[in-house]
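Here's a quick briefing to read alongside the model. Have the sequence and the 3D view open as you go.

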Amino acid sequence: MVSLKEKLLSDFEGLKIDDREADRLFIDTQKEAVLSLLSYLKKAGYNHLAMVSCTDWIDEGKFELVYIVNAYLSGDQVFGKKEKKCIVIRTKISRQSARFMTVMEIFENAEPYEREMHEMFGIDFEGHPRLTPLMLERDYKIPPFRKDFDTLNYVNNTFGKIPSIEQRKEGLK
Amino acid sequence: MRELELYYGPQHLGMVGNFSITLQVEGDRIVKASANPGYLHRGFEKLMEQRTWMQNFPLVCRINVVEPDHMELIYAMGVEKLAGIEVPERGKYVRSIYCEMARVASHLFGAWAYANMLGFDTVAHWAMYHRDLLLDMFEELTGARVYHIYLRPGGVRRDFPDGFTDRLVETLHKIGGKVPDYNATFFENSLFRKRAECVGIVNREEALRMGAVGHTLKATGMAYDIRKIEPYDAYDQIDFDIHTREKGDAYSRLLAIRDEMIESVHMIFKLIDKMPAQGEVCTKTPNPFKWTIPAGDAYVRCESSRGELGLYMVSDGGSKPYRVHFNTPSYNHGLTVLEKALEGESISDVGNIMISLYVVAPEIDR
């Protein structure tokens, strides 16, 4: 039997696959291949998009998008059926022009995740029907989950400095 | 008929926590619903990047107010995976018992919320009282009633006190003895069935398409449970069933929750029977102030009482996490499934459907 890793390596170019964990498969890929890879995996039975995440590698000047897919297995099925239970797909996009394609056509439930990534990291997902704010109510110059967003600075500038206990004692006198 | 926009929430009976929803209604039928979270957004994931691995425990449990224990578990599992720590045998059992206790307490809270919402006040009081009995057990074990901070990477903070398992069994028998009363007054009550049956139907195809997990999927006949698919802790040591229902409506979802709660109690008995009598409950970990974890990333998942709970965690080799992202079951249920399930339903059923999806608002916002 050909393993999933071998199949993927023969069908796609430029994949870096790490399978040292028994039930995980970490795949590093070029950003162009993500959509075809996701639809390939969906056809292969990995029909559940568990999450979409993002890491800000500020030193490299890249955002790393992470798509985690797994199979909807039922408790009655033989669990050995799917050899790797979770597949983690990682791809890097430029931090300067942070844009990517939406995967909603393949996995409908990517919608809120991509909306959140848009809000928190400022990534534009082309083809996403509603990139409106999800959680936040204020406008941020730098999207708040980026590494260069200084939380302390932001709080001081927006809400004013909180006086120290000594200063407050002085004020009371 | 004229279409109107109706703001529902953020304070309403359909949700534990604050969460609003904008409804487009025609008469009393809902044409379109759009969820509006963010009232409880505290930026925990960002805050965790600035605190050490161990300092984050008081934060993770606050992500889900109703059952903080699975949040602790998933975070501890993430750190263990990245640092390559193993949990000792007895520690695994203690963890599993603790998490099943949390599941029962959380489902009792869910029963309270549902009964309270529909006006079954007696049942609501029972459920709250029985949850309180379990909170007493948590207090004895951990010193706290709601946020226990009991799990830690490598195991648990302390072993069970003397005679704890006997008292736990006694408490569970006390709660279990009330199940026929719960059935008669609530689960099989015709008034309740009239409100909940054939309401908010999410069929299996829709549920799979929208990424539903947990009881929403179990109510459509899919026994999708991480404890079976990818057993963690001591779940591969015992035999247990996943209870499913077929219809996918609000009533099936609640019955799936009830069955899971009863199964959890049986699981606790089995775990106590099989637990090694002696042994360590925690692996020694480095000094938390100087603890650095090798660079890498990990995805771990467990079955919380609401469904598959995941955590993607990245370390850059430092003393703090580089990135933490929780994938909570309520996120999918509250934002994707809820919007779909509300379409075409009446305004009076909004709270009913929301609560049957068992969404906890702080878990969405994090």
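Predicted model: local features only at pLDDT ≥ 70, side-chain atom pairs only at ≥ 80, totals over all residues.

In the hairpin of β2(B) and β3(B), two residues sit between the strands, and B:G27 takes a positive phi near 65°. Helices and strands here are DSSP runs (H or I, at least four residues, for helices; E, at least two, for strands), numbered from the N terminus. Residues are numbered from 1 along each chain as its sequence is written, with chains lettered from A and ligands numbered from 1 in the order in which they are written.

**The hairpin in chain B**
- β2 (residues 20-26) and β3 (residues 29-36) of chain B run antiparallel and are joined by seven bridges; strands count as paired if DSSP finds at least two bridges between them.
- Opposite B:V25, you'll find B:I30 in β3(B).

**Two helices in chain B**
- α3 (residues 68-83) and α4 (residues 89-118) of chain B pack at about 145°, their axes 8 Å apart. Axes are lines fitted to C-alpha atoms, for helices over the stretch in contact, and angles run from 0 to 180 degrees between N-to-C directions.
- From α3(B), B:D69, B:H70 and B:L73 meet B:R95, B:Y98, B:C99 and B:A102 of α4(B). Contact here takes C-beta atoms, placed from the backbone, within 7 Å.
- By class, that contact of α3(B) with α4(B) has four nonpolar, one polar and two charged residues. Nonpolar covers Ala, Val, Leu, Ile, Met, Phe, Trp, Tyr, Cys and Pro; charged is Asp, Glu, Lys and Arg; the others, Gly among them, are polar.

**The sheet in chain A**
- Five strands make an open sheet with mixed pairing, in the order β1-β2-β5-β4-β3 (chain A).
- β1 (16-18) and β3 (48-57) of chain A are at the edges with a single partner strand each, so one side of each has no neighbour in the sheet.
- From one strand to the next, the twist averages 20°.
- β2 (residues 24-29) and β5 (residues 86-94) of chain A run parallel, joined by six bridges; A:D28 has A:R90 in β5(A) as its bridge partner.
- Helix α3 (residues 111-121) of chain A packs on the sheet, touching β3 and β4 (62-70) of chain A, and its direction makes about 10° with that of β3(A).

**Where the chains meet**
- Chain B brings 29 residues to the contact and chain A brings 31 residues.
- On the chain B side, α9 (204-209), α11 (226-229), β7 (307-315), β8 (323-327) and α13 (329-342) each supply at least two residues. The largest share, four residues, comes from α13(B).
- The residues on that side of chain B divide into 13 nonpolar, nine polar and seven charged.

Conventions:
Contact = placed C-beta atoms within 7 Å.
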